[in-house]
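User: I'm new to this and I'd like to know where the labels come from. Can we go through them one by one?

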Amino acid sequence: MRLVIHSAKYESMRFTIIFSTFYVSACMGLLANNIYVATNGNDAWSGLLSDPNQEKTDGPFASLERARNEIRALKQKNLPSKEGITVLLRQGIYSLNEPFELNDRDSGTPTCPISYRAYNRERVRVIGGKSVSGFQKVIDANTLNRLPESARGQVYFADLRSQGITQYGSAGESGLELFFQNKPMVVSRWPNDQFIKIAAIAGHTVVDVRGTKGCVEGIFNYDSDRPNRWTNENDIWVHGYWFWDWSDQRQRVSKIDTEKRQIEIAPPYHNYGYRKGQWFYAFNLLSEIDQPGEWYLDRQSGLLYFWPPAALSEENPLVSVLDNLLVMKNVSHVSWRDITFESTRKTPILMSGGVSNRIVGCTLRNMGGSAISVSGGQGHSVIGCDVYNCGSGGISLSGGERKTLTPAGHSAENNHVHHYGRWKPMYSAGISISGVGNRVAHNLIENAPHQAMSFSGND
């Protein structure tokens, strides 16, 4: 028996829910058209049961890779197809050790599509981060003296290396981040919410853009005594709008002269140069953890310092480890539904080539880059997704042949994109399209630092 229900949750969008009351002969000869994956599963089991049996001899698979490989094995039998295969994920957190990859061997067909989705709308989280435990309150006298007085007794630390987390990336962008209570925490910075202005430029090579003058070298003066606290810091960064208010960049500090009140940036310098009166802030400093939610990672020792905004006993913080979660290359007729993807250093979902793939009703949050990147291929769609807390933009669609004006037919519809551009605020669009014949409709884009949409190409 097959029952189809249409929902009006999103305008111009339909969800199809299929209930099977008995096993039927289905796609590629499966006894049932469902494969199950669960956090309490076992990759040695059949994957045909939604729960482990009483004897614990059969039940769901434990990993996405095992479900993918099962589908590959079935396809090699070249059995007749009647309906699609659905991989149903039971509730829980699936922490990946490497991105889940699909290629042309993992494609469905128009009559036998393949779907990965949450079982019965249960809460399924696929994460690229690792839980951090073992936090201890900072009591070391030298470290306490480096902290602001208000932070002493409030800051905790954990040893990431002892927990197998040893690759941290750059503090400037696309490196390790800290998430707590499903939110990104703030890398320690000063000023906390504002900027400090360049008091004077000290570089020797003059830049003159139609009368607007600056210098090439990132050497400039500030007007504050605050940097006197930073003498023991070993990895200071600054984020500034160095020449124009629409062009920002994060750069590492090579030297601070507190007597001259002068900062020197490590090359390469900003493309447009630096000029007096422009604005910046400093970040990634242990000595600037001065409010709840701020954190700092000493990349030399692997020690993570954190002033938690709530009790750490409630849940363990997460740190992002993987760059991506789902990589689809030349895959066709595959969909992902009702799943949360989160805690990556870069873009969780990368899709290139292929035909008619769909990301539907998913949540994408807490990533260092954009949320979804679609490039090439034809007819891919992102529908009804919630996208937020992105490091750069939200959804990117690119495809089509401009020389012949052949459309790609990609679409982004009924999505909610908000609170993005955390690391790269300028020219990071909530939704961007390029190429030929792509469509964006009925999306809500809000709480943006700069650009809602960007588009280029034709049609």
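User: What share of the 459 residues in the protein is buried?

Analyst: Keep in mind that this is a predicted model. Buried residues make up 52% of the 459. To get that label, a residue needs under 20% relative accessible area.

User: Which residues have the most contacts inside the largest nonpolar core?

Analyst: They are Leu 102, Tyr 116, Trp 336, Phe 341, Ile 359 and Leu 364, in a core of 48 residues. There's also a second, separate core of 22 residues, with Val 132, Ala 158, Tyr 281 and Leu 304 among them.

User: What is Phe 341 in contact with, leaving aside its neighbours within four places in sequence?

Analyst: Contact here calls for heavy atoms within 4.5 Å. Its partners include Val 126, Leu 325, Trp 336, Ile 349 and Leu 364.

User: How many of the contacts between residues at least 6 apart in sequence join residues at least 24 apart?

Analyst: That's 65% of them.

User: And how far apart are the mean positions of the positive and negative charges?

Analyst: They're 4 Å apart, for 47 positive and 44 negative charges.

Conventions
Residues numbered from 1 in each chain as written. Predicted model: local features only at pLDDT ≥ 70, side-chain atom pairs only at ≥ 80, totals over all residues. Heavy atoms only, no water. Core = buried A, V, L, I, M, F, W, Y, C linked by side-chain atoms within 4.5 Å. Buried < 20%, exposed > 50% of the residue type's maximum accessible area, 1.4 Å probe, protein only. Lys, Arg positive; Asp, Glu negative; His and termini not counted. Charge placed at Lys NZ, Arg CZ, Asp CG, Glu CD.
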